[in-house]
Amino acid sequence: MGEFEKSISFDGRDIRLKIGLLAPQAGGSVLIESGDTTVLVSATRSSAREGIDFLPLTVDYEERLYAAGRIPGGILRREGRPPERAILTSRLIDRPLRPLFPSWLRDDLQVVAYTLSMDEQVPPDVLAVTGASIATLIAQIPFYGPMAAVRVGLVGDDFIINPTYAETESGDLDLIVAGSPDGVIMVEAGANQLPERDIIEAIEFGYEAVQDLIQAQLDLIEEMGLMIVTEEPPEVDKSLENFISDRATDEIKKILAQFDLHKSTRDTALDAVKDTIATAIEELPETDPIRVAATENAKALGNTFKSLTKQLMRRQIVEENIRVDGRKLDQVRPVSCQVGILPKRVHGTGLFNRGLTQVLSTCTLGTPGDAQNLPDDLQTEQAKRYLHHYNFPPFSVGETRPLRAPGRREIGHGALAERSLLPVLPPKEEFPYVIRIVSEVLSSNGSTSMGSVCGSTLSLMDAGVPISKPVSGAAMGLIKEGDEIRVLTDIQGIEDFLGDMDFKVAGTDSGITALQMDMKISGLSLETIALAVQQAKEARLHILGKMLAVIEQPRDEMSSYAPRLLSIKIDPDMIGLVIGPGGKTIKGITEETGAKIDIEDNGTVTISAVDESRARRARNIIQGMTRKLNEGDVYVGRVNRIIPIGAFVEFLPGKEGMIHISQLADYRVGKVEDEVAVGDEVIIKVREIDSKGRINLTRLGIHPEQAAAAREAASR
């Protein structure tokens with residue numbers, strides 16, 4: 001295969017494709033570039049492993065710091081575990097790619113994307129998504145593509161395709177649209193409370209650009225003399241499927257029609273039907289084709305039974321507009337909320353229940369020093385002051401398995417909930433706390449990520465965080481049978497597992513803050529997406545009403561165990577003075593007051609302590625050390641020591657000057673001790689600051705009003 005190149009333009013920004021230059025032994029590879037950002041994406045297929053009954057697709061996105069001309073930190077000076085943003089990009093590639101492979105494909109597939117070069121204008125993630133489609137087509141893997149993705153930004157009143165980092169950050173929208181020839185297949189967005197109509201228009205705007213990228217891929221494949229591979233599925237013996245259908249259909253229908261069944265009861269009843277069929281198969285002669293098929297593939301019975309259950313459940317929804325639990329298509333499960341259920345040592349708590357889904361979210365308030373320093377990656381952000389962590393223990397679904405570190409799913413769900421709440425958090429200048437939310441999924445039956453959004457909002461308000469508006473969220477589902485489409489509100493576990501869409505929408509009563517749509521089919525029309533977005537709004541507002549019935553607004557007071565923060569600004573040139581040699585000065589202030597002190601490069605000093613008086617003491621010390629003195633300023637001071645020619649007085653924390661014996665009184669003083677003693681409180685005025693920085697004080701010429709003002713200032 002020779003080398004091929006192609007270029008596509010969007011609003012003056014080019015996307016360049018280069019084939020055949022790198023990775024010649026990969027199944028297929030492409031170098032996709034825009035600006036100085038270059039991503040190498042490969043797709044490789046290997047033989048199926050025995051016993052696999054799912055698509056073993058692995059997607060990895062890797063960042064190399066040489067792409068930005070940097071050397072990694074740490075002892076090894078090489079890249080280590082992928083940072084969270086790289087994991088999220090891996091998921092971003094996987095989600096629109098996976099539904100486009102045939103359901104029967106069992107070969108091992110791996111897509112690997114490397115960012116080889118990156119500028120500060122062009123994000124590499126959407127390039128990697130499109131590159132994955134091109135690499136898959138070139139690798140001649142069975143694929144219902146092409147697929148492509150673009151980012152949509154909102155600058156002023158105008159949508160733009162593939163905005164720069166700066167344009168995205170300054171705008172009110174960061175939306176990624178991925179699509180196939182059949183329609184939209186994935187949406188990922190963060191928004192600043194944008195109305196539903198704006199989101200729908202943005203998706204439509206993005207999908208138009210996606211179609212241009214799809215056509216470019218079709219043209220490229222034709223130029224290369226390749227075909228899009230759509231292999232025929234392997235022939236399957238239908239005898240086992242018919243055997244199970246004949247014996248189980250009526251029983252499954254009866255179970256699905258019992259709308260008041262608890263999830264566990266329904267699962268037990270379905271398992272009993274499956275066990276009855278397993279017994280019937282075992283009673284067949286050993287040479288019977290049905291028994292042979294079930295014996296050769298231990299998962300054949302379970303998979304076929306699951307497929308039949310899915311088919312019957314979907315038919316019930318499409319034909320009768322009735323769901324498994326008896327709800328209408330647009331009905332939300334029963335919702336209940338609680339706040340403050342844990343002692344106030346936990347700064348804020350929110351418990352959110354929707355059906356069998358239960359999420360406990362906790363809010364912890366920390367100091368600026370608690371901000372997360374981000375690991376080496378190619379992004380410009382260095383620290384995070386808002387963190388959302390999502391945990392999904394096995395008991396939440398009644399299972400047992402070892403507890404492990406958070407996986408891609410946990411990281412993805414936490415990031416979605418984090419994004420949902422970012423637009424309503426107070427700015428750092430008004431609320432300098434670092435905020436950490438932890439959402440513990442205690443019971444799961446669908447849409448735990450949106451449950452985390454609701455629980456987190458409750459915990460923030462319980463903690464007294466002055467959010468601008470409360471946020472709620474709902475997950476929408478879809479059943480598509482031929483031309484028949486049903487959009488489901490607030491999907492539960494079985495509807496997620498057996499349905500065609502998982503569309504999560506979060507927002508306030510003013511608009512959307514985040515959304516995420518994933519498909520199990522090859523695309524969805526814009527009309528159906530618009531219907532789902534509008535239906536989700538009704539669900540969000542319903543849920544929001546239940547939340548506000550429990551807590552209407554953020555609490556006026558924070559937990560007594562939350563740190564109290566005081567913030568002052570000093571001259572950046574004074575930072576070294578406050579820190580002292582080897583940190584000696586700042587450590588001394590911390591030991592003396594018990595307060596924690598964080599200093600930023602711009603001179604912002606944040607002082608924290610659970611006891612506010614300790615924070616004030618530390619603040620006063622730092623203000624005293626860094627205050628610019630003027631001749632004539634009047635202070636209240638305390639005599640620290642006496643020498644024959646005068647007395648040394650500390651009049652500000654860390655500030656000391658000397659009153660010469662001649663300045664102690666307006667008459668001749670014989671001995672310093674005749675006028676003052678160590679420990680005496682005195683009113684002094686700055687008389688002079690000499691060329692060496694020494695401060696000379698006086699007790700003379702102080703007006704009574706100046707003295708009164710000094711005493712009042714000292715008492716604060």
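Mentor: Start with Arg-95, which counts as buried at 12% relative accessibility. Here buried means under 20% relative accessible area, exposed means over 50%, and partly exposed lies in between (1.4 Å probe, protein chains only). The model is predicted: local features need pLDDT of at least 70 and side-chain atom pairs count only at pLDDT 80 or more, while totals for chains, interfaces and linings use all residues. Residues are numbered from 1 along each chain as its sequence is written, and side-chain values use heavy atoms, with hydrogens and water left out.

A salt bridge is a side-chain nitrogen of Lys or Arg within 4 Å of a carboxyl oxygen of Asp or Glu. The structure holds 40 of them. In one, Arg-95 pairs with Asp-518, with 2.6 Å between the closest N and O atoms. The two residues are 423 apart in the chain: Arg-95 lies in helix α1 (residues 84-97) and Asp-518 in strand β21 (residues 512-519). Helices (H or I, at least four residues) and strands (E, at least two) are DSSP runs, numbered from the N terminus. Asp-518 is buried too, at a relative accessible area of 17%.

Another pair is Glu-188 and Arg-419, whose closest N and O atoms are 3.6 Å apart. Glu-188 is buried, with a relative accessible area of 12%, whereas Arg-419 is partly exposed at 22%. Both pairs belong to one network, in which salt bridges that share partners join Arg-95, Asp-125, Arg-151, Asp-174, Glu-188, Arg-419 and Asp-518.

A further salt bridge brings together the side chains of Lys-504 and Asp-502, at 2.8 Å from N to O. Both of these residues are buried.

For the nonpolar side, a core is a set of buried Ala, Val, Leu, Ile, Met, Phe, Trp, Tyr and Cys residues joined through side-chain atoms within 4.5 Å. The largest has 87 residues, and those touching the most other members include Met-501, Phe-503 and Met-517. Helix α4 (residues 196-223) gives the most to this core, with 12 residues. A second, separate core of 37 residues includes Ala-417, Ile-435, Leu-458 and Leu-460.
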